[in-house]
Amino acid sequence: TAPSSIIGYMVKDSEKWQNIYKCLEIITKYIYELLQNECHLKRVTLPVDAIETEPKSFIFMSEDALVNPDKLLVLIHGNGVVRAGQWARRLIINEDLDSGTQIPYIKRAIEEGYGVIVLNPNENYIEVEKTKAQIQLSSDISDEPAEKRERKDKIQKETKKRRDFYEKYRNPQKEKETMQIYIRDNGSPEEHAIYVWDHFISQSAAENVFFVAHSYGGLAFVELMIQREAEVKNRVTAVALTDSVHNVWHQEVGKTIREWMRENCCNWVSSSEPLDTSVESMLPDCPRVSAGTERHELTSWKSFPSVFKFFSEAVKAKNSLVKPTPTRRSNRIKYEEF
């Protein structure tokens with residue numbers, strides 16, 4: 001049994017983490033409010049045909065996201081605890097909203113005439129408390145003598161008490177036995193990206209679709225390409241990856257997709273080099289340039305001006321009377337020669 005001083009520390013530390021968890025939840029709700037009230041995005045429920053009783057997720061969209069005939073910007077954050085509209089909670093807490101949220105991207109996009117869709121790839125399931133019947137089914141039914149069972153129960157209660165102290169310390173928000181119920185067709189970031197593509201992005205009127213995908217969001221985009229290659233090639237004008245963790249070998253990306261990525265994607269990676277400096281890569285996918293920071297979570301913010309310049313040049317190249325062959329090769333070379 002742990003000394004009382006250690007137990008006291010664990011309880012105190014558990015309370016601290018509970019408070020932190022509550023603060024993080026408040027931050028998430030606050031960002032959602034900013035997306036709706038300050039950026040004027042609307043919250044759209046997923047699945048689109050969800051019934052009242054099933055688990056649901058949501059995304060955020062500008063009013064013109066599906067009808068804007070010119071440009072559409074799609075934002076995908078990374079994996080973990082972040083939710084729609086966030087790049088990194090650490091930055092939101094320790095730095096500011098500009099570096100830690102997608103709000104600067106959204107505001108700039110709207111100013112430049114883009115429609116906007118903000119994905120929510122980590123909202124994959126809901127947690128519900130297990131019923132007594134479900135808990136009972138997972139327990140062994142004993143036919144031991146009453147006296148022996150009472151002694152065993154006493155030992156188990158003491159063990160459970162110590163385990164609960166540890167569990168509360170390790171994962172303070174999970175105090176009850178719960179089970180996860182996954183959201184239909186949105187049970188993973190990859191599924192979510194494909195679902196939003198099928199039901200929203202592919203249905204939009206925009207001539208030019210652009211993606212900004214951070215970290216695991218880049219992997220989700222590559223998976224979308226694998227599953228919807230022809231559609232993506234036909235609709236997407238350019239993709240800005242920020243320290244993407246995709247891997248064309250592990251994801252078994254075909255040659256035609258790798259060639260398209262070399263001409264239409266750019267990955268701003270964490271590096272000590274100045275912003276937009278070419279960075280060598282062992283992967284045969286897309287150009288890699290420095291994001292101007294060595295901090296992974298800051299890459300989306302530090303590359304912010306370069307990303308919109310990249311998009312602007314991509315549109316100009318596409319609309320040019322003398323189109324490069326292959327598409328935007330001259331644009332790619334310019335970035336590689338920085």
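Modeller: A charge sits over a ring if NZ of Lys or CZ of Arg is within 6 Å of the ring centre and within 35 degrees of the ring normal. This is a predicted model, where local features need pLDDT of at least 70, side-chain atom pairs count only at pLDDT 80 or more, and totals for chains, interfaces and linings use all residues. Residues are numbered from 1 along each chain as its sequence is written, and side-chain values use heavy atoms, without hydrogens and water.

Colleague: Happy to start there! Over the face of which residue does R108 lie?

Modeller: R43 lies over the face of F58, at 3.6 Å from the ring centre. For R108, the distance from the ring centre is 5.7 Å, and the ring belongs to F304.

Colleague: Why is the pair of Y105 and F304 edge-to-face?

Modeller: Rings of Phe, Tyr and Trp (its six-membered ring) pair if their centres lie within 6.5 Å, with planes under 30 degrees apart stacked, over 60 edge-to-face and the rest tilted. The centres of Y105 and F304 are 4.9 Å apart, and the pair is edge-to-face because the planes stand at 65 degrees.

Colleague: Is Y105 buried or exposed?

Modeller: Buried means under 20% relative accessible area, exposed over 50%, partly exposed in between (1.4 Å probe, protein chains only). F304, at 13%, counts as buried. Y105 has a relative accessibility of 1%, so Y105 counts as buried.

Colleague: And what kind of aromatic pair do W197 and F211 form?

Modeller: W197 is buried at 0% relative accessible area, and F211 is buried at 1%. Their centres lie 6.4 Å apart with 25 degrees between the planes, and the pair is stacked.
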